[in-house]
Amino acid sequence: MRKALSVLLTAAMASSLLAACGSSSAPAAAPAETKAAETQATTAAATEAVKEVTEAAKEAEAKGDTITVGFAQVGHESDWRTASTNSVQAALSKENGIDLQFVDCDNDSAAQLEAVRNFIQQGVDYIVIDPIVSTGWDTVLTEADDAGIPVIVIDRTIDDSDKYVSWVGSEFTNEGLAAGAWLKAYVADKGISEVNALVISGTTGSSAQIGRSNGFDKFVESEKWNKLDEQTGDFTQEGGQKVMESYLKSYNGKFNVVVCQNDNEAFGAIDAMKAAGVSYGVDGDVIVISFDACTAGLQKVLAGEINADFQCNPLQGPDCLNIIKKLQAGEKVDQKTFMAEPWYVAEDKLTEITYTNNSGKEVTEPLVHVDQAVVDAAY
Ligand code: GZL
């Protein structure tokens, strides 16, 4: 309710002006007619301001202590995104004292910047952003900062500005590293001596795409795998299918691994390989690696169509609410919060992976074998 606050401040200033005009400490008298005109103008302004604050106060009262939050969401491109939107909308709800202004930016960075500027104009209390891409943010975040509106970033990262109060999301490079570590262990266990990989990457310039590509590429280099190609499927099923159809024209019979940077791309790639008569998955010629581990993705792991699925946790709603409540109470909040994310596999032979994570620490992490109970518990 920034509007109420600004009107309250205006009213306070206006009433002090009124008092100054009538007080004995008024500046040396100007000609009577000027003084009267000045006083009349000030009184009118103050009356208007007080009227406004009464209306705003009535509005705020009617709304209880409603906190207005503007949320600029990436879009609606994937199952993961749907789960992310549902999580935020469920947490930032009227029942929790929040008036959520939601904008689906449809994967359009210009629209997302415009949505944030509109929130600033509206004078919301907080702004939540899931940034489509990780750069181009400092100007608009400076505008929000100048307007005194705290910004919370979820999921993907903003890499060219630090003008936000908190970020909650995933370590995307570790997701890519874990995928590489699993593939290294898997081909060793299966006696596969050569890796010829194709990558269907996510939205170019998104921190999810950058991290997953960088992490997996570390293993491409260290294991001397052949990465035949990497093209963006923009995190959509249609994109995954189109890229795989193109790959099948150029590399049919020459690849034995496909890395899809989210489940929806994997669904599209699988449809294309099925249509082309290429076998894939646990008993196939092509190993399928995916990210997100949404319910539909884990169903394909259970069916053996996806060999390994590296979860990216979309459920940042509760963290968002917690951060806002802490800020409202004047408490400090963590600058960064990383989501917990399991790694899922179709076969139970390998039970863990060991790799050096993005912080340079050697870690050993469990591999979760997917059964129906795991699918039933998915987000
Ligand atoms: C990653 C998230 C990505 C998901 C995709 O945190 O931003 O965007 O991996 C989604 O499914 O489209």
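Where is Glu77 found? The legends below take up that question and then move on to other close-up views of this predicted model.

**Figure 1. Glu77 in its loop.** Glu77 is found in the loop between strand 1 (67–73) and helix 3. Its relative accessibility is 13%, so Glu77 counts as buried; the cut-off for that class is under 20%. The side chain of Glu77 makes a polar contact with the side chain of Arg81, at 2.7 Å. Glu77 is also one of the residues that come nearest to the ligand.

**Figure 2. The residues around the ligand.** The ligand has 13 residues around it. Those that come nearest are Glu77, Asp155, Arg156, Arg212 and Asp292. Sorted by class, the shell holds six charged, five nonpolar and two polar residues.

Figure 3. Taken alone, the ligand exposes 310 Å². The protein buries 100% of that area.

Figure 4. The ligand sits in the largest cavity. Two elements give two or more residues to the shell around the ligand. One is helix 3 (79–91), and the other is helix 7 (207–222).

Figure 5. Asn264 belongs to helix 9, which covers residues 263–275. Is Asn264 buried or exposed? Asn264 counts as buried, because its relative accessibility is 6% and the limit is under 20%. The side chains of Asn264 and Asp79 are joined by a polar contact of 2.8 Å.

**Figure 6. Ile270 in helix 9.** Ile270 has its place in helix 9. With a relative accessible area of 0%, Ile270 is buried. This view also shows Val258, which is 12 residues from Ile270 along the chain. The C-alpha atoms of Ile270 and Val258 are separated by 9.8 Å.

Methods. Residues numbered from 1 in each chain as written. Predicted model: local features only at pLDDT ≥ 70, side-chain atom pairs only at ≥ 80, totals over all residues. Heavy atoms only, no water. Near = heavy atom within 4 Å. Areas by Shrake-Rupley, 256 points an atom, 1.4 Å probe, with all protein chains shown as cover. 1 Å grid on protein atoms, 1.4 Å probe; cavity = no way out; pocket = protein on both sides within 12 Å on 5 of 7 lines; lining within 4 Å. Sits in = over half its atoms within 2 Å of the grid points. Helix = DSSP H or I, 4+ residues; strand = E, 2+ residues; numbered from the N terminus. Nonpolar A, V, L, I, M, F, W, Y, C, P; charged D, E, K, R; others polar. Buried < 20%, exposed > 50% of the residue type's maximum accessible area, 1.4 Å probe, protein only. Polar contact = N/O pair within 3.5 Å; in protein donor to acceptor, adjacent residues only side chain to side chain.
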